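Notebook open, structure loaded. I'm jotting down what I look up as I go.

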Amino acid sequence: MLFQDAILEFGFDCKVRKLSPKSINNYQKQLRYLQNYLEQEYRIKNVEQVRTAHIKMFLAMMDDKQRKPRYINDLLKAFKTFFNYLKREGHIQDRFCLTDQQPQRLQSASILLSCERQEGDCQSP
């Protein structure tokens with residue numbers, strides 16, 4: 001599934017669940033930010049291509065840019081919600097897991113994305 005289509009479908013699901021328009025817009029903005037990063041850095045266009053290491057690299061980049069811890073946590077929450085939705089709907093496999101472990105590099109983060117494949121997931125094409 002194209003990342004852009006997944007964002008739209010997720011937005012529709014949020015609307016059905018009666019989230020506020022502001023919340024839906026924030027989710028979509030944060031997800032488009034990730035989408036643009038993945039397309040530019042790794043040429044990823046489909047949600048099935050996303051690996052945990054890609055998300056970790058994005059979050060490390062945010063940390064390197066000295067983004068505030070609260071902002072990074074907001075991104076993490078949005079990504080967790082989005083990828084859990086995709087998992088629940090069957091768009092991604094179970095190996096893409098979300099856990100609540102404290103990351104070493106991002107001291108402020110409360111959620112760490114992890115999966116079985118760690119090495120080689122962030123190779124540029």
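Which helix do K77 and D74 both lie in, and how many residues apart are they? Both lie in helix α4 (residues 69–88), three residues apart, which is about one turn of the helix.

**Ground rules.** I'm working with a predicted model, where local features need pLDDT of at least 70 and side-chain atom pairs count only at pLDDT 80 or more, while totals for chains, interfaces and linings use all residues. Residues are numbered from 1 along each chain as its sequence is written, and side-chain values use heavy atoms, with hydrogens and water left out.

**Overview.** I count four helices and two strands in the protein; helices (H or I, at least four residues) and strands (E, at least two) are DSSP runs, numbered from the N terminus. Along the sequence the order is α-α-α-α-β-β. I looked up burial next: 42% of the 125 residues count as buried. Buried means under 20% relative accessible area, exposed means over 50%, and partly exposed is in between (1.4 Å probe, protein chains only). The accessible surface comes to about 7500 Å², with 46% of it belonging to carbon and sulfur atoms; these areas come from the Shrake-Rupley method with a 1.4 Å probe, and for residues only the protein chains shown count as cover. For contacts (heavy atoms within 4.5 Å), I took those with a separation of 6 or more: residues 24 or more positions apart account for 59% of them.

**Salt bridges.** I find two in the structure, the criterion being a side-chain nitrogen of Lys or Arg within 4 Å of a carboxyl oxygen of Asp or Glu. K77 pairs with D74, the closest N and O atoms being 3.6 Å apart. K77 is partly exposed at 46% relative accessibility, and D74 is partly exposed too, at 27%. R17 and D13 meet at 2.9 Å, N to O. Here R17 is partly exposed at 40%, whereas D13 counts as buried at 18%.

**α2 on α4.** At what angle do α2 and α4 pack? I get about 90° between helix α2 (residues 21–42) and α4, with their axes 10 Å apart. Axes are lines fitted to C-alpha atoms, for helices over the stretch in contact, and angles run from 0 to 180 degrees between N-to-C directions. That makes α2 and α4 roughly perpendicular to each other, a label for angles of 65 to 115 degrees. On the α2 side, Y27, Q30, L31, Y33 and L34 make the contact; the α4 residues include Y71, D74, L75, A78 and F79. The contact residues divide into 10 nonpolar, two polar and one charged. Ala, Val, Leu, Ile, Met, Phe, Trp, Tyr, Cys and Pro count as nonpolar, Asp, Glu, Lys and Arg as charged, and the others, Gly among them, as polar.

I checked Q30 of α2 in particular. Q30 is buried, with a relative accessible area of 15%. Leaving aside neighbours within four places in sequence, Q30 touches D74, L75, A78 and F79.

Most residues other than glycine have a negative phi. Q66 is in the loop between α3 and α4 and is exposed, with a relative accessible area of 69%.

Definitions and conventions
Parallel < 35°, antiparallel > 145°, perpendicular 65-115°, else oblique.
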